[in-house]
Amino acid sequence: MSTFKTSLKIMAAHRSYVLVYLVALSLLGLNVGAARTEDASSQVKEATTSVAVIDRDGSTISRGVKDYVESAGKAQPLEDSRQAIQNATAQKGISYILIIPAGYGKQFQQAAREGAEPPRMDTVIGYESASGALMNVRTDSYAGQVADYLSTLTDDPAHAVTLARETMNHSAPAERIAQDAKPLPHGFVVYAMFSIYPITAFAIVTISTLMMALGRRSVRSRLTAAPVSSRSRSLGAIGACLVIGLVGWLWIFGLGATALGASAVTTSAPLLAIVGAALGAFMLFAVSLGFLLGQISPSQNVASAVANIGGLAMSFLSGAWVPTEWLPDAVVQAAKFTPGYWAAQAISGAYTATSMSADVIRPLLVDCGICALFAVAILSVAMAVGRTRARSSL
């Protein structure tokens, strides 16, 4: 019996690995992707911030600041006490609390006459979103406008407040710029990034199990007794590993494209193909790594540990869990020496692409090629290890 057919029979006997590491994990990723959808509307919606203002000054300027903040956000009543402020932030979900201290108006006018910075106000910004921080920027901008008018046009605080309010009310309409290429569905991209882990776990566990089974004395004796060369046996084993990788890639990419990326088949087919190429290149790496572990013949527990821990580490370094922009520079530099990073770069690049021109597609294909080079390198090492073991067994 040929090595190829024997390998397929061995994998059929271990089909539970396929169900656990491929089907179950990919379905988990599908649920994660389905939960992460974004509105692709061309309209820009302005977020409304829940705000509360405590005015301890009562001056014309402080009342102007209070009126502006409450008009820019959704005003909420709030008692002037530490307990009420803490409860408002933790329980009521007020994103921005502004506390204007006593004497603020006089200090403000004096700073404007001297050309100094306006006095600071106390703020409590909610941690659940960035809307509070954005409101703080708008408040500082308004206060800066009042100070400019007091220092240049008028000495009347009421007039300066009115001018600043009119200036801040002027806004330009915003809309999203139409792209030449329709972006890939966000849920599909999230699923593709998540798939780095199941690809790693499935390929390493399945293929290392196959190689260890082929290395058992009884199976190796039967294959050696067959009238085929050692080169044919090696090619048969590699062919079986590639078939396993192909099955895994077809399932993962096909599942995501069918369930989450069907709309991109007709509108952004080249970008969809880039994601498929990135997953395919990474699958080749995982297959090569599983082939190497099988040649080294570690225990089943070692292979499972490498598959799971290595898959999680690869996903983290690639940016699947945390965007690489949030990682330290040293971690990002180290991640560039992993294939998952380049596969993720191709996937995220396809998502952010504004066109489907050759100038945009070519760098993404280069990222896929770099990921594939890792597979070639690992496979070369695995072949060298296999030849060394074969010679030592003679």
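Student: Are α9 and α14 roughly parallel or roughly antiparallel to each other?
Tutor: First, a caution: this is a predicted model, where local features need pLDDT of at least 70 and side-chain atom pairs count only at pLDDT 80 or more, while totals for chains, interfaces and linings use all residues. Residues are numbered from 1 along each chain as its sequence is written, and side-chain values use heavy atoms, leaving out hydrogens and water.
Tutor: Angles under 35 degrees count as roughly parallel, over 145 as roughly antiparallel, 65 to 115 as roughly perpendicular and the rest as oblique. Here the axes of α9 (residues 196-214) and α14 (residues 300-318) cross at roughly 155° and come within 8 Å, so the two helices are roughly antiparallel.

Student: Which residues of α9 meet α14?
Tutor: Contact means heavy atoms within 4.5 Å. Among those in α9 are Ile196, Tyr197 and Met212, and they face a set in α14 that includes Gln300 and Ser318. The residues of this contact divide into eleven nonpolar, ten polar and no charged.

Student: How many residues has the largest nonpolar core?
Tutor: A nonpolar core is a set of buried Ala, Val, Leu, Ile, Met, Phe, Trp, Tyr and Cys residues joined through side-chain atoms within 4.5 Å; buried means under 20% relative accessible area, exposed over 50%, partly exposed in between (1.4 Å probe, protein chains only). The largest has 71 residues, and Ile347 is one of those with the most contacts inside it. Helix α13 (residues 269-296) gives the most to this core, with 16 residues.

Student: Where is Ala34 placed?
Tutor: Ala34 belongs to helix α2 (residues 15-35), and its 44% relative accessibility makes it partly exposed.

Technical notes:
Axes fitted to C-alpha atoms, helices over the stretch in contact; angles between N-to-C directions. Helix = DSSP H or I, 4+ residues; strand = E, 2+ residues; numbered from the N terminus. Nonpolar A, V, L, I, M, F, W, Y, C, P; charged D, E, K, R; others polar.
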